[in-house]
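Colleague: I have a model open and would like to learn how to read it. Could you take me through some of its features?

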Amino acid sequence: MDGKVQRINGVSAETPIPLITPYKLGKLQLSHRVVLAPLTRQRSWNNVPQPHAILHYSQRTSKGGLLIAEATGVSDTAQGYPHTPGIWTKEQVEAWKPIVDAVHAKGGIFFCQIWHVGRVSNTDFQPNGQAPISCTDKPLTPQIRGNGIGVDQFSPPRRLTTDEIPQVVKDFRLAARNAIEAGFDGVEIHGAHGYLLDQFMKDQVNDRTDKYGGSLENRCRFALEVVEAVVDEIGADKVGIKLSPYDAFGEAEDSNPKALGLYMAESLNKYGLLYCHMVEPRMETLGEKSECAHSLLPMRKAFNGTFLVTGGYDREDGNNVVAENRADLVVYGRWFLANPDLPKRFALNAPLNKYNRETFYTPDPIVGYNDYPFLEDTE
C-alpha cells in the first residue's frame with residue numbers, strides 16, 4: 001500500500017488499511033473494499049419493497065461503496081420466506097426505484113441479488129398452493145429458523161422436467177432486465193446456501209438422470225445456463241454470482257466441494273463475469289465460524305474477475321485477506337447490519353455496535369432495521 005491518506009465519508013485515515021483502499025470493479029470505481037452483504041430482512045410486505053428500505057440502504061451507503069441488495073425473487077415460484085422482495089412484476093420494479101435512487105444519491109453502487117429458493121419453501125408460498133420446484137423430489141427436513149424462534153416446515157418438492165428448466169432460466173433473465181430497469185448497477189445471481197441453483201450443483205441433492213444430473217458438468221449446467229442468459233440480457237460487466245461449494249445449508253452438500261468450486265470458477269471465465277462472491281469453507285454451519293483446513297485460494301487463482309469473500313470476517317481478517325491478495329473485496333453481513341457506517345468505523349478502527357440476532361427477521365420497519373446508531377451518535 002502506498003501510504004497516501006485515504007478519505008471515507010469525509011474522514012481521513014492513514015494507510016495502510018487494506019480494506020480502505022480504492023478498487024476498480026470493471027467500469028465501477030470503488031473507494032473502499034467493504035461490501036454490504038445481501039441480507040434477507042423480511043420487511044417487504046407481499047413481496048413488494050417498502051419505503052422503509054429507502055432509509056435502510058441509504059444509511060449503509062458511502063460514496064464509492066458497493067451494496068448488494070437482499071435476495072430478491074425472480075418469479076412467483078421463487079419464494080420461501082415471509083415478506084421477501086421480488087422483481088418479477090411492474091409494481092416491484094417501481095417500488096425498487098426510490099430505494100436504488102437513494103443509494104445512488106449518496107454515491108453508492110448497488111447490485112440486486114436475484115434468487116429462487118427451490119425446495120426451501122412450502123405450499124403456502126407457492127402459486128395456487130402447488131409444490132415447490134427443485135432438481136429433485138427429495139423433501140427437506142424441518143429446520144429451526146434463523147432467529148431461533150420456531151421451525152420452518154418444507155413441503156415435498158416437485159422435480160422439474162427437463163423441458164421446464166428453460167422457463168426458470170428465462171425467469172432469471174427477465175429478473176435481471178427488471179433490475180436494470182429499476183436502476184440497479186448490476187445483479188448477483190444467487191447460486192449458494194442450498195437454494196435452487198445450489199440444489200442442482202450439489203450431488204447430495206441432485207439425483208437426476210437427465211442432462212442436468214450425474215456428472216459435475218451436468219449438475220452445473222443449469223447454473224451456467226442462468227449465467228449465460230443473464231450475461232446475454234444485461235452484459236457480463238453487470239453480472240456477479242454467489243457460490244458456496246463447501247457449505248451444507250438446506251441439506252445441500254457436495255462430496256467434492258473443491259472440485260465443484262474450481263469447476264465453477266473456471267467455467268465462469270468463459271462468460272467474462274464481473275465478479276465471483278464465495279462463502280468461506282469455515283461457514284459450513286449456518287452463522288457459525290469453525291476451524292477449517294480448506295481454502296478458497298484455488299478458486300481465487302482460477303477465476304479471472306474480481307473475487308469477493310464472505311463468512312465470519314472482522315476488521316483484522318478483512319485487512320489480512322486483502323493485504324495477502326486472497327480476495328479483492330470483503331463482504332460483511334451482521335456487522336454491516338448493526339453498523340450502518342461500517343467502512344468509516346473500519347477506517348478509524350472505532351468500536352462496533354453489537355448486533356441483535358432476535359431482530360434480524362422481525363417485521364418491524366424500524367427496530368433492528370433502521371435504528372442502529374451511527375458513530376457520531378454514540379460518541
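This is a predicted model: local features need pLDDT of at least 70, side-chain atom pairs count only at pLDDT 80 or more; totals for chains, interfaces and linings use all residues.

Colleague: What does the radius of gyration say about the protein?

Modeller: The idea is to set the value against what a compact globule of that length would have. For 379 residues that would be near 21 Å, and the protein has 20 Å, so the two agree.

Colleague: What share of the 379 residues counts as buried?

Modeller: Buried residues make up 58% of the 379.

Colleague: How much of the contact in the protein is between residues 24 or more positions apart?

Modeller: Among contacts with a separation of 6 or more, such pairs account for 71%.

Colleague: Now helices. How do α3 and α5 pack?

Modeller: For a pair of helices, look at the angle, the distance, the hand and then the residues. Helix α3, residues 165-181, packs on helix α5, residues 216-234, at an angle of about 35°, and the axes are 9 Å apart. The crossing of α3 past α5 is right-handed.

Colleague: Which residues of α3 and α5 make the contact?

Modeller: From α3 they are I165, V168, V169, F172, R173, A176, R177 and I180. The α5 side consists of F222, E225, V226, A229, V230, D232, E233 and I234. By type, the residues of this contact divide into 11 nonpolar and 5 charged, with no polar ones.

Colleague: Why do residues three or four places apart point the same way in an α-helix?

Modeller: An α-helix has 3.6 residues a turn, so residues with that spacing point the same way. In α3, I165, V168 and F172 are among the contact residues.

Colleague: What of a residue in a loop; is V74 buried or exposed?

Modeller: V74 lies in the loop between β6 (66-73) and α2 (90-105). Its relative accessible area is 3%, and under 20% means buried, so V74 is buried. Leaving out residues up to four places away in sequence, V74 touches W88, I114, W115, H116, D171, F172 and A175. The C-alpha atoms of V74 and A175 are 5.3 Å apart, although 101 residues separate them along the chain. F172, one of the residues V74 touches, is also part of the contact of α3 with α5.

Colleague: How do I read a residue in a strand, such as T310?

Modeller: T310 is in strand β15, residues 306-310, and is buried at a relative accessible area of 11%. Apart from neighbours within four places in sequence, T310 is in contact with K242, H277, M278, V279, E280 and V331. Between T310 and H294, 16 residues apart in sequence, the C-alpha distance is 14 Å.

Colleague: Where are N47 and N128, and is each buried or exposed?

Modeller: N47 is in the loop between β5 and α1, and counts as buried at 19% relative accessibility. N128 is in the loop between β7 and β8 (133-134), and is exposed, with a relative accessible area of 81%.

Terms used
Residues are numbered from 1 along each chain as its sequence is written. Side-chain values use heavy atoms; hydrogens and water are left out. Axes are lines fitted to C-alpha atoms, for helices over the stretch in contact, and angles run from 0 to 180 degrees between N-to-C directions. Helices (H or I, at least four residues) and strands (E, at least two) are DSSP runs, numbered from the N terminus. A crossing is left-handed if the near helix is turned anticlockwise from the far one by less than a right angle, and right-handed if clockwise. Contact means heavy atoms within 4.5 Å. Ala, Val, Leu, Ile, Met, Phe, Trp, Tyr, Cys and Pro count as nonpolar, Asp, Glu, Lys and Arg as charged, and the others, Gly among them, as polar. The radius of gyration is taken over C-alpha atoms; the globule rule is 2.2 Å times the number of residues to the power 0.38. Buried means under 20% relative accessible area, exposed over 50%, partly exposed in between (1.4 Å probe, protein chains only).
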